[in-house]
Amino acid sequence: MCGYSIPVSGSQMPNVINSITGVITGAAQAVGGGVQFAASVGSGNPVGMVVGLSQAVSGIANAASNLASRDMHAVQHSGLSTGIPGWFDEQEPYFLITRPQLALAHDYSGFYGLPGYVTRQLTRDNIKGFTSVRYIHLDGIPALESELREIEELLHNGVRF
Amino acid sequence: MIITLYKNTSEHIVVDKSITKVREEEGNLRQETSLTDPVIVFERNIEDFTSEGVNYLFIPDFGNRYYYITGMRSIRTHLVEVSCHVDVLMTYRDKIRACSAIIERGSPLGSTITKNDPVNLYVPDGNMPALQKRVTVLKRLSGGVKFQAGG
């Protein structure tokens with residue numbers, strides 16, 4: 001799981017445009033509030049002064065917020081936190097891998113072996129410990145037919161070399 | 001005919017048995033018997049076998065075959081009947097080792113698994129138990145640079 005989405009396509013551009021628009025709107029709102037405040041002071045209207053001042057402050061706050069978040073919208077951060085709080089998280093990519101754990105008893109392979117499905121000559125250099133054989137050609141063994149069948153059955157069920 | 005008596009301490013499925021020689025017996029067969037499941041009468045007391053833990057024997061005249069002792073019966077004083085079954089793994093161990101096979105389950109040659117081992121843990125195997133609890137590990141990507149925003 002990678003923690004970042006890099007803006008390599010045009011799909012991120014609307015975020016940037018929205019931020020710029022938000023800055024302009026906030027600035028206009030602040031100017032309007034300022035004008036109303038000044039007019040209210042001139043006319044001696046206390047209610048107009050409060051409303052105008054409130055709009056001016058709100059407009060400045062909106063403009064500042066959109067300006068501050070303009071760049072951050074371009075890179076998205078996934079994980080437990082997103083957006084601006086995500087910038088306080090880890091800045092380097094990493095993988096979180098969730099996997100099952102084997103519950104093998106001590107010397108499991110000695111008792112039952114591990115999966116193989118490989119072809120080997122059954123020499124001392126190649127084979128050791130518990131081994132079960134899927135297929136074998138018992139060539140060159142001067143044994144009776146019943147003995148060959150027993151050898152094959154034993155090898156199939158598993159022997160210890 | 002010479003019969004060598006052994007004490008075997010290995011289990012049935014071991015190819016190279018761990019055997020200790022007890023003694024040799026010499027005599028003649030006086031009745032017909034099987035090659036794979038011979039029944040041999042010894043002029044011995046049964047205690048001569050049990051006291052020394054004899055449970056295995058080797059008969060060179062039977063094609064150098066090794067035999068498990070599967071049963072003993074005391075016929076009368078100084079006469080015991082021993083039933084045997086051929087140990088095909090020990091008898092043909094060198095010939096078996098010369099054969100190639102597809103290994104279904106194997107064991108690592110050393111303490112850790114290497115590519116030379118007849119083991120492949122990527123093969124799906126429903127016999128290997130897993131814990132109910134899963135483990136989550138964090139792996140960092142090393143060697144890169146930090147991401148830069150807006151740049």
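In chain B, residues 24 or more positions apart account for 53% of the contacts with a separation of 6 or more; contact means heavy atoms within 4.5 Å. This is a predicted model, in which local features need pLDDT of at least 70, side-chain atom pairs count only at pLDDT 80 or more, and totals for chains, interfaces and linings use all residues. Residues are numbered from 1 along each chain as its sequence is written, chains are lettered from A and ligands numbered from 1 in the order in which they are written, and side-chain values use heavy atoms, with hydrogens and water left out.

## Chain B

Chain B has three helices and eight strands. Helices (H or I, at least four residues) and strands (E, at least two) are DSSP runs, numbered from the N terminus. The order of elements from the N terminus is β-β-β-α-β-β-β-α-α-β-β. Of the 151 residues in chain B, 37% are buried. Buried means under 20% relative accessible area, exposed over 50%, and partly exposed in between (1.4 Å probe, protein chains only).

## The interface

The two chains meet through 66 residues of chain A and 58 residues of chain B. About 6200 Å² is buried between them, and carbon and sulfur atoms give 60% of that area. A:Gln101, A:Pro115 and A:Arg160 supply 11% of what chain A buries against chain B, more than any other three residues. Buried area is the accessible area (1.4 Å probe) that two parts lose on being put together, summed over both.

Four salt bridges link chain A and chain B. In one, the side chain of A:Arg160 meets that of B:Glu11 at 2.5 Å, N to O. A salt bridge is a side-chain nitrogen of Lys or Arg within 4 Å of a carboxyl oxygen of Asp or Glu. Between the chains, 36 residue pairs are in polar contact, both residues at pLDDT 80 or more. A polar contact is a pair of N or O atoms within 3.5 Å; within protein, one must be able to donate a hydrogen and the other to accept it, and residues adjacent in sequence count only if both atoms are side-chain atoms.

Several elements of chain A give two or more residues to the side that touches chain B, including helix 3 (108–112) and helix 4 (145–157). Strand 3 of chain A gives the most, with nine residues. By type, the residues on this side divide into 35 nonpolar, 18 polar and 13 charged. Here Ala, Val, Leu, Ile, Met, Phe, Trp, Tyr, Cys and Pro count as nonpolar, Asp, Glu, Lys and Arg as charged, and the others, Gly among them, as polar.

Two strands pair if DSSP finds at least two bridges between them.

| Strands | Bridges | Sense |
|---|---|---|
| Strand 4 of chain A, strand 7 of chain B | six bridges | antiparallel |
| Strand 5 of chain A, strand 7 of chain B | four bridges | antiparallel |
| Strand 4 of chain B, strand 5 of chain B | four bridges | antiparallel |
| Strand 5 of chain B, strand 6 of chain B | eight bridges | antiparallel |

A:Leu114 has B:Gly106 as its bridge partner in strand 7 of chain B. A:Tyr135 stands opposite B:Ile102 in strand 7 of chain B. Within chain B, B:Tyr56 stands opposite B:Tyr68 in strand 5. B:Ser74 has B:Val80 as its bridge partner in strand 6 of chain B.

## Backbone details

Most residues other than glycine have a negative phi. A:Asp107 has a positive phi, near 60 degrees. A:Asp107 lies in the loop between strand 3 and helix 3 of chain A and is partly exposed, at 42% relative accessibility.

The hairpin of strand 5 and strand 6 of chain B, where B:His78 sits, has two residues between the strands. B:His78 is partly exposed, with a relative accessible area of 43%. The hairpin of strand 4 and strand 5 of chain B has five residues between the strands, and there B:Gly63 takes a positive phi near 75 degrees.

A:Gly48 is found in helix 2 (residues 46–68) of chain A. A:Gly48 is buried, with a relative accessible area of 7%. Beyond its neighbours within four places in sequence, A:Gly48 is in contact with A:Gln36, A:Phe37 and A:Ser40. The C-alpha atoms of A:Gly48 and A:Phe37 are separated by 6.4 Å, and the two residues are 11 residues apart along the chain.
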